[in-house]
Amino acid sequence: MNIRDHLDRFDVWAPHAKAVTVRIEGDDHDMVPAGSLPEGSAGGPAAGREGWWTLPDGADVPTGTVRYGYVLGKTFDEGTAQERSQVSEVLPDPRSRRQPQGVHDLSCTFDPSEHRWGDAAWTGRTLAGSVVYELHIGTFTPEGTLDSAVERLDHLAGLGVDFVELLPVNGFNGERNWGYDGVLWYTVAESYGGPAAYQRFVDACHQRGIGVIQDVVYNHLGPSGNYLPLFADYFKPGSSTWGDLINLDGWGSDGVRDYILDNVEMWLRDHHVDGFRLDAVHALQDHRAVHILEEIAELVERVGVETGKPLFTIAESDLNDHRMITPTTANGLGMTGQWLDDFHHAAHVALTGETQGYYADFAALATLDKVMQDAFYHDGTMSVFRGRHHGRPVDKQRIRPWQFVTCIQNHDQIGNRAAGDRISASLTPDQLVLGATLLLTQPFTPMLFMGEEWGASTPWQFFTAHPEPELGEAVAKGRKAEFASMGWDESTVPDPQAPSTFADSQLDWDELGQDDHARVLDAYRELIALRRAVPELTDPRFATIGTDHDEDARWFVLRRAAAPGADHGVAVLLNFGADPANVPFPGRRDAQVLFRSGDVSVTEGTDGGAVAALPGHGAAVVRY
């Protein structure tokens with residue numbers, strides 16, 4: 001049952017409270033257990049409303065936009081696992097839609113129906129065949145707001161991207177943050193413009209033919225402003241890398257799961273989002289027979305059927321287990337797609353030569369070969385970085401290549417470097433175009449990170465603005481210690497709390513038309529258009545993928561056959577070496593060159609095939 005359908009606007013779930021008062025615009029109103037109201041009342045008994053508090057019928061409360069908060073009586077009954085003393089402070093609503101004065105202050109009502117949507121012509125689009133663009137609202141523009149981001153949507157439409165993927169936008173402590181320290185999942189950060197601005201942004205995207213994917217974090221909450229434990233058993237014993245474990249399977253977990261599922265439905269119905277990226281799902285500890293991811297997948301599918309739009313889910317998973325993206329009807333977890341870190345790691349090493357940390361497993365060019373054909377490099381193989389075997393093979397009969405979302409840069413892989421430096425800080429324009437060719441012609445769903453398309457020179461660093469000095473200091477020390485353990489020079493680690501760290505991470509849009517930046521941007525536009533125009537590049541079958549490579553000469557060939565076993569198709573030729581290379585492929589000397597980077601020529605090979613002469617760090621796409 002969907003709890004959202006039975007909520008009045010001040011209802012709150014506090015199953016252990018002895019009494020609950022809602023303070024609205026300074027006036028207190030006593031609430032009553034929802035189950036105590038007579039049948040037929042506005043907030044009367046309904047299955048699944050156990051532990052909910054509501055206002056009695058006829059309560060004289062103000063209408064319109066108001067500020068409010070809750071005062072709880074004794075939060076936990078005697079004999080429960082956690083005994084809490086009397087709570088007298090006014091607490092924000094766990095389902096607050098607005099926090100105008102920050103996550104520690106009063107909540108504010110918001111009516112999502114007031115927005116007049118102009119996206120009636122938007123019928124959505126599938127993840128298959130699409131190009132995704134990841135961005136952070138706070139650093140995408142100098143103003144750092146949703147409304148200012150709208151002003152840059154024509155650039156994205158001209159680039160050819162199909163979806164923007166927003167880093168988390170829900171309420172966090174302070175004015176700036178990556179978003180993964182959110183504590184109020186139903187809000188949109190006021191520094192970004194709040195929920196009304198979010199609706200305007202999505203509407204504007206849809207009117208330009210761009211879908212919206214929202215990054216959501218259901219595996220942990222941030223360190224400041226998390227009042228959920230005062231209301232109910234939202235957490236259980238234990239912790240992950242990021243914080244306390246969400247209670248998905250313990251005492252009282254039904255209400256916690258409702259909290260997540262209703263949040264998913266809010267984004268879909270009230271904000272018209274097209275899909276989700278679910279953060280670190282491997283940290284969701286759920287031992288119930290039906291996993292929370294299955295419930296999310298089925299809810300998204302159900303809303304998609306009702307709205308007539310192809311809604312979807314993308315998991316960030318470190319498990320290398322294809323059951324993550326296997327349908328629930330086949331005993332999978334039902335995610336539509338998942339991030340494929342193995343592609344990023346293999347591509348990063350091929351482009352940069354870095355082999356420290358987890359890149360050590362991907363030192364050979366052969367790892368890129370395997371990833372192209374099998375998706376998971378670690379599919380039961382030994383991972384030196386983990387010190388154990390990892391992963392399982394992909395079921396290629398059931399899984400499609402487009403279900404894997406891949407990148408050569410993203411917020412994690414840039415921001416979690418000591419200096420937050422992009423690959424553009426160390427690669428030449430030729431190498432950046434080489435990377436773009438690899439990304440935009442490979443069989444999986446490509447994702448760009450904001451500014452990548454013009455080789456942005458600005459870093460993207462880890463930044464926070466915790467008002468509590470002790471918390472800010474702890475974060476900064478922890479950051480330095482983390483990088484010291486990985487062998488990075490801690491003197492290069494910027495202070496997350498420093499305003500300059502945030503300012504340095506904002507994109508410089510003046511770079512677009514400048515020399516090498518313009519060249520890189522032209523290549524991205526051309527390659528995205530080519531991906532859309534050449535069906536072999538997005539063929540949804542693993543069987544059409546073939547590869548060749550030379551470890552010493554540093555060249556790589558990706559073949560996409562028109563049909564399994566066909567002697568014609570498209571070949572992507574990549575030279576990762578600095579020296580020129582003669583790259584063989586199964587074509588003729590009159591093969592059509594669809595894209596080239598550098599001076600590329602094609603001659604007849606000695607074995608009946610063709611040979612492309614590529615300059616150092618050159619690339620070509622040919623039809624053979």
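**Close-up views around helix H8**

**View 1. Packing of H8 against H9.** Helix H8 (residues 341–352) packs with helix H9 (residues 366–374) at an angle of about 150°, their axes lying 9 Å apart. The two are therefore roughly antiparallel (over 145 degrees), and their crossing is left-handed. Asp342, Phe343, Ala346 and Ala347 of H8 make the contact with Thr367, Leu368, Val371 and Met372 of H9, contact meaning heavy atoms within 4.5 Å. By class, this contact has six nonpolar, one polar and one charged residues. The model is predicted, with local features requiring pLDDT of at least 70 and side-chain atom pairs pLDDT 80 or more, whereas totals for chains, interfaces and linings use all residues. Numbering runs from 1 along each chain as its sequence is written, and side-chain values use heavy atoms, with hydrogens and water left out.

**View 2. Packing of H8 against H11.** The axes of H8 and helix H11 (residues 429–441) come within 11 Å and cross at roughly 150°, which makes H8 roughly antiparallel to H11; this crossing is right-handed. Here Phe343, Ala347 and Leu351 in H8 meet Gln431, Leu434, Gly435, Leu438 and Leu439 in H11.

**View 3. Phe343 in the largest nonpolar core.** Of the 158 residues in this core, Phe201 and Phe343 touch the most other members, a nonpolar core being a set of buried Ala, Val, Leu, Ile, Met, Phe, Trp, Tyr and Cys residues joined through side-chain atoms within 4.5 Å (buried: under 20% relative accessible area, 1.4 Å probe, protein chains only). Helix H6 (residues 253–269) gives the most to this core, with eight residues. Beyond its neighbours within four places in sequence, Phe343 has contacts including Thr406, Cys407, Ile408, Gln442 and Phe444.

Notes. Axes fitted to C-alpha atoms, helices over the stretch in contact; angles between N-to-C directions. Helix = DSSP H or I, 4+ residues; strand = E, 2+ residues; numbered from the N terminus. Parallel < 35°, antiparallel > 145°, perpendicular 65-115°, else oblique. Left-handed = near helix turned anticlockwise from the far one by under 90°. Nonpolar A, V, L, I, M, F, W, Y, C, P; charged D, E, K, R; others polar. Buried < 20%, exposed > 50% of the residue type's maximum accessible area, 1.4 Å probe, protein only.
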